[in-house]
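Subject: Structure for you to look at

Hi,

Here is the structure I promised to send over. Please open it first, then read my notes below.

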Amino acid sequence: MLQIENLKVEIEGKEILKGISLNVKKGEIHAIMGPNGSGKSTLAAVLAGKEFGEITNGKITYMGKDLMDMEPEDRSKEGIFLGFQYPIEIPGVSMVNFMRTALNEHRKYRGEEAMSSSDFLKLMREKKELVKIESGLTSRSVNEGFSGGEKKRNEIFQMAMLEPRLAILDETDSGLDIDALRIVANGVNQLKTAENSTIVITHYQRLLDYIVPDFVHVLYDGKIVKSGDKSLALELEDKGYDWIKKDVESVSYE
Amino acid sequence: MSKREETIQHFSGLFKENSSRIEKGSSGLINSFRKEAMDQFRELGIPDRKNEAYKYINLDPWFNTKYKSYFVPEEADFMAASDFRCEVVELESYNKILLNGFSPKDNGTIEGLPEGIWVGSLAEASERFPDIVEKHYARYARNGKDGLIPLNTALASDGMFVHVKKGVSLSKPIQVINLVHSDTDMFVQHRNLIVVEDNAELPMIVCDHALSPQKFLTNAVTEIYVGENARLDMLRVQNEHNNAAKLTHTFIHQERNSNAVSNNITLHGGMVRNSTYHRLNGEGAECNAYGLYLADRWQHVDNFVSIDHAYPNCLSNQLFKGVLDDYATGAFNGRILVNEGAQKTLAYQKNNNILLTDDARMDTKPQLEIYADDVKCSHGATVGQLDEEAMFYLKSRGINKTEARLMLMFGFAHEVIANIKTEALRQRIDELVLQRLRGELSRCANCSLDCDK
Ligand SMILES: Nc1ncnc2c1ncn2[C@@H]1O[C@H](COP(=O)(O)OP(=O)(O)O)[C@@H](O)[C@H]1O
């Protein structure tokens, strides 16, 4: 589904991603872990099409298409979804209007008719149930005045509405208490099918107790320095990131 | 002779030539102010950029035109004009037309209007209710530096008069549909007087439209008295064309514990200047002055606000927002005056602007004059672009760039619209603003009058 080959990204003259390769197949869940500042969010944003920095090397192929010159809105309509680490507040734009516009853009892209108001509201109700967000939240402006937890749930709610093929969840667990974490993880799991894939970006192992990855990658200083199965996450939890850092540094001394 | 002198001479001449005609259509009371006002105008002239409050506007091109000045509409003209469908009209309201600054002389009748409210011609009212008019006329429209006000006092013949008796309130708003229509270029001056007595309540909408493509210049003065404990909710929607200039001066005089809202929504107009004055003339008075302006091409929208805190324990709040596209320009000048003794004043001001192009321009300036020490005052102004982070967020959900921009502009504008209390009206204005932002709102869309655009 997604192939990243030797991706290098520079921001303001500084190399942030230093040659990343990753292969995500249909139905897989990949976890990307790593200490703060290692480039996880940068990778997520680049995949979603955010224009910042410069891609100096590499190739990203998604569903057989070159992702590089695709606009963010087209990536979304092709099935890529980014769950933001810091969802943006948009005063004056209602959640309903936002989601209806987005959903209908997706439908138009697939050659389907716009959804009727009543069908749309029904769908919203259904999906809200999935992440247990209060019904009042969707009549408010996008993320405005939402608590940290509400914002994160709102991301998963949007994911549920748009049913992406590839979801990239950037630190969806940060700032959530254990109950909220369960609800969010549960939502993600219910949306999982054999046809779609997920990249879970997280700093802590905790989330991976609920969303069980097929692969775990450790990103450090702009590179994937270790890959393994879910036991790698537990090992990291045990030994901490210092273990990785030492490992990497000793390698580079050799 | 300088340009300035020429304009003064021109209006002086106009005044002399037409004074008998003007006076004939008016009452003795209103006429009694004319001569002195003309003298004052001769001293002040048309405001130019040297006048601090007119620093960012150039009135010259609008005053250097030969206009036809006195077109008194006949009954048939009012009939024809009443075919006009205002975009806001779907709303339940009591309607009244003002055509080229004149109101039909119909003894203030509107079908179904409750007892205790009179809405109609000022000229007629000054004959019928001389006491009320005398008590309020030319009492509040005071700005010793702005020649446009005495010019109006000297030359205006008619306008809208609204009177709400003590304790009377309205469930539906009064809507004044303010039309200009002419087959020659025209200068319109009218004068409105609105009296809301103690404990009364008046919701009101004024809609400005130009029905023919000629060049129009309007210079309108409105005086509003809001009695003790009374409420005024005044919404103005301006939708004229690029060949029309609108200068409005609205003086709202508020007594103790009164509450007044003014909201100017400018959708279209070649040059618009709204001066809004609130004088808080008794303890516990409160006012909200709102404005929203959307301008493109070479349009200019200028808002001047002056809040006069004359007594203690009053609250004022200003919120003005604008979106400027193409080569459009705008200005905001917000004055807060807190007089000595006006302790415990709360005064807030906010002006936010979005420029969509590098060529659009906005000048914004607060003007705080505070002579009391126990005062809470805040002001802030921003001029910026659409938020890139928000753009990316919307796009990342599949929303295309054009639609994302629209949503952000609309969301930005909505903060002003959200203050409209009546839900139906709020929704209607939301729709109009969205149409305007989409470039789909035209002055002709709902007009059934026969003009060649
Ligand atoms: N817009 C930006 N401008 C400059 N530097 C940035 C920008 N975004 C990220 N960086 C830098 O890139 C590095 C990686 O950041 P990030 O991708 O947020 O890491 P992580 O998500 O792993 O914490 C950091 O050193 C950060 O300071």
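Lys14(A) puts a polar side-chain atom 3.5 Å from an oxygen atom of the ligand. Please keep in mind that this is a predicted model.

Thr42(A) does it with a polar side-chain atom, at 2.5 Å. Gly37(A) uses a backbone N or O atom instead, at 2.8 Å. The residues around the ligand include a run from Pro35(A) through Asn36(A), Gly37(A), Ser38(A), Gly39(A), Lys40(A) and Ser41(A) to Thr42(A). Ile11(A), Glu12(A), Lys14(A) and Ile16(A) complete the list.

Next, the interface between the chains. Chain A brings 29 residues to the contact, and chain B brings 19. About 1,900 Å² is buried between the two chains. Carbon and sulfur atoms give 66% of that area. Which residues of chain B lose the most area to chain A? They are Phe392(B), Tyr393(B) and Arg397(B), which together account for 40% of what the chain B side buries.

In general, side chains of opposite charge can pair when their charged atoms come close. The rule finds 2 salt bridges across this interface. It also finds 13 residue pairs in polar contact there, both partners at pLDDT 80 or more.

Where does the chain B side come from? Helix H9 (388-395) and helix H10 (401-417) of chain B each supply at least two of its residues. H10(B) gives the largest share, 8 residues. By class, the chain B side has 9 nonpolar, 5 polar and 5 charged residues.

On domains: chain B is divided into domain 1 (1-281) and domain 2 (386-410). Their centres, taken over C-alpha atoms, are 40 Å apart.

Last, salt bridges over the whole structure.

Best wishes

How values were computed:
Residues are numbered from 1 along each chain as its sequence is written. Chains are lettered from A and ligands numbered from 1 in the order in which they are written. This is a predicted model: local features need pLDDT of at least 70, side-chain atom pairs count only at pLDDT 80 or more; totals for chains, interfaces and linings use all residues. Side-chain values use heavy atoms; hydrogens and water are left out. Contact means heavy atoms within 4.5 Å. Buried area is the accessible area (1.4 Å probe) that two parts lose on being put together, summed over both. A salt bridge is a side-chain nitrogen of Lys or Arg within 4 Å of a carboxyl oxygen of Asp or Glu. A polar contact is a pair of N or O atoms within 3.5 Å; within protein, one must be able to donate a hydrogen and the other to accept it, and residues adjacent in sequence count only if both atoms are side-chain atoms. Helices (H or I, at least four residues) and strands (E, at least two) are DSSP runs, numbered from the N terminus. Ala, Val, Leu, Ile, Met, Phe, Trp, Tyr, Cys and Pro count as nonpolar, Asp, Glu, Lys and Arg as charged, and the others, Gly among them, as polar. Domain bounds come from an automatic or database domain assignment. A residue is near a molecule or strand if one of its heavy atoms lies within 4 Å of it.
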